[in-house]
Amino acid sequence: MTQLLRTLVLVSFVGLLCLFVGLPAARPHDKVTGQIDFVEASKVARTSGVWVDGQYTGYLGELKGSSRLKLLPGEHEIIVRQAGYEDFNRKVTIEPGKILEVHAVMERDSRFQYPQEKTSAEVKLDVRPDRAAVFLDDYFVGHVSEFYGFDHAMVVAPGKHRIKIALGGYKSFETELSLLPRQKFELKTQLAGASINDADPLIRIDRRASLRAVSSEGGPGSQVK
């Protein structure tokens, strides 16, 4: 009888041990940080860049699911930015362990000027990582993947322009182009890794979208598919 009781106790202990081992590990940071869920995002909003407290974090469409934006509790400033549109600016209060829904509404900027279709030049980007921010003459105009692939290009007025590509954790890339009317140019490069402390000032300083002549996907008023 004693041996039987010992066997039953041992089996029960092993069963409980297996039960606890099978449970997923606790994630303490989920109780410490809060999250932002961008809801009802339009096509324009999904391709727009997101700044948190003056720091570029990526484009809105990628900040979902397991990559949802996680922030420490407290007040934060969220800016969603796209060339040709007014900045969406929202101050939010993040609670620990909570998900805050944010609906970023992008409204056209009436001051924005598109290049002349008959004379504009096109610049395609083949750059890695393709989520990096793109700046034309020091103004944010989108992220790399918007200007890559068939029928996708950055359309700019002829003349001299500075293009900078930057992302936290990488060295920024900068070049100057002299574009002729209707010229097609392709830029290829891969950003080299670097410390987040070396982030380019353009992705750490609040700047408005460019009011210069620039658009995407081949013509005035069109949007990236």
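Mentor: We will take one residue and then the wider protein. This is a predicted model, where local features need pLDDT of at least 70, side-chain atom pairs count only at pLDDT 80 or more, and totals for chains, interfaces and linings use all residues. Residues are numbered from 1 along each chain as its sequence is written, and side-chain values use heavy atoms, with hydrogens and water left out.

Trainee: Why is D200 called buried?

Mentor: Buried means under 20% relative accessible area, exposed over 50%, and partly exposed in between, with a 1.4 Å probe and protein chains only. D200 has 9% relative accessibility, so it counts as buried.

Trainee: What makes the link between the side chains of D200 and S172 a polar contact?

Mentor: A polar contact is a pair of N or O atoms within 3.5 Å; within protein, one must be able to donate a hydrogen and the other to accept it, and residues adjacent in sequence count only if both atoms are side-chain atoms. The side chains of D200 and S172 are joined at 3.1 Å.

Trainee: Which residues does D200 touch, leaving aside those up to four places away in sequence?

Mentor: Contact means heavy atoms within 4.5 Å, and D200 touches K164, A166 and S172.

Trainee: What is the largest nonpolar core?

Mentor: A nonpolar core is a set of buried Ala, Val, Leu, Ile, Met, Phe, Trp, Tyr and Cys residues joined through side-chain atoms within 4.5 Å. The largest one has 31 residues, and L125, F135, M154, I163 and I165 have the most contacts inside it. Apart from it lies another core of 19 residues, among them V52 and L71.

Trainee: How much of the protein is buried?

Mentor: Buried residues make up 41% of its 225 residues.
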